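Dear colleague,

Please find the structure below.

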Amino acid sequence: MDKDSRLKLAIQKSGRLTDHSLDLLGRCGLKLSRGKDQLMAFGENLPLDVLFVRDDDIPDLVQEDVSDLGLVGLNVLEERRLEMAARGATARFEVLRPLDFGHCRLSLAVPEGMAWKDLSSIAGLRIATTYPALLASFLKQNGITAEIVTLSGAVEIAPRLGRADMICDLVSSGSTLQANHLREVHTILKSQVVLIRTPVKLPEFKESWISRLLLRIDGVEQVKESKYIMLHAPRSALPRIRELLPGSESPTIIPLEGSPDKVAVHAVCRENVFWETLESLKAAGASALLVLPVEKMLN
Ligand code: PRT
Ligand code: ZN
């Protein structure tokens, strides 16, 4: 296959981000035929193929132009960027979009019994982490001297094993910390998945497909909370009703056959529509209220 005619996108092969990544691509209209080796899937209906790799490999695959695009957590991306910076190199991936999944935070946590005042409490302690570059940069920025204990996993048990005094690890619900009797004390980085691209200027055909993909991704992100709302109302109630419609721009007003004083109002609301809103609309004179999910949106 001609290298110039098909985009490559790297996603996590198997892990927390895999299902969400595939779901996003599906919503963008991509149909994949997954080969037997499962290392790469062919886009049947779009000129886009998907590479399945470890998330840690995604930044390099993209900056080395092996893959044009990648979906990866900001935590992994920033760690790689800082690691390179520490060696005097400059990272060459470009962030195109933050996406609404893979939310987590890189936080400092201490054993429940340990005294904690503020960041100055860290001085001289041993901190276990799988993110040494992010932690080093944080300590440096705050003028703190501490020892970084780099581990490849199971960071949360390091204090109990006596390998460290505290940890710096990813947290989402906080239940892992709780189960290990650790207390979150400070967030170093808020993370979510981002779409990145190669720094290399691509052939026009590929560039135009990246633009189309971005429009679709924006559409997908927008419709998540959006609802289409329809109602009937007396013309006189329109000003109040427009105020009540959550996050809608200009509603469509349609005359109703046979009722000169009444109109139908149709609007896209960019926020979820709650029962309370419907009740307020009804109180303002609306009737025949209907709320529908929005499947696709293109602006
Ligand atoms: O094999 P590969 O290298 O691809 O996968 P991996 O094991 O490195 O990554 P994976 O699948 O665990 O996570 C992939 C990405 O998901 C991370 O880089 C983050 O961007 C994102 N993410 C979101 C998380 C979490 N939430 C998360 N909670 N990654 C890890 N965790 C860990 C956390 O460290 C804790 O130990 O999950 C545990 C449970 O968290 P709580 O707070 O919900 O209990
Ligand atoms: Zn990983």
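Val 95 stands opposite Ile 196 in β12. Strand β12 (residues 193–197) pairs with β6 in the antiparallel sense, over four bridges. Here two strands pair if DSSP finds at least two bridges between them; strands (E, at least two residues) and helices (H or I, at least four) are DSSP runs, numbered from the N terminus.

This is a predicted model, in which local features need pLDDT of at least 70, side-chain atom pairs count only at pLDDT 80 or more, and totals for chains, interfaces and linings use all residues. Residues are numbered from 1 along each chain as its sequence is written, chains are lettered from A and ligands numbered from 1 in the order in which they are written, and side-chain values use heavy atoms, with hydrogens and water left out.

Both strands belong to an open sheet of seven, in the order β2-β3-β4-β1-β5-β12-β6, with mixed pairing. β2 (32–34) and β6 (94–98) stand at the edges with a single partner strand each, so one side of each has no neighbour in the sheet.

Which residues come nearest to ligand 1? Of the 21 residues around ligand 1 (a heavy atom within 4 Å), they are Arg 16, Arg 54, Asn 75, Ser 173 and Thr 176. Among the polar contacts (pairs of N or O atoms within 3.5 Å; within protein, one must be able to donate a hydrogen and the other to accept it, and residues adjacent in sequence count only if both atoms are side-chain atoms), a side-chain N or O atom of Arg 16 is 2.5 Å from an oxygen atom of ligand 1. For the side chain of Asp 56, the distance to a ligand oxygen atom is 2.7 Å.

Yours sincerely
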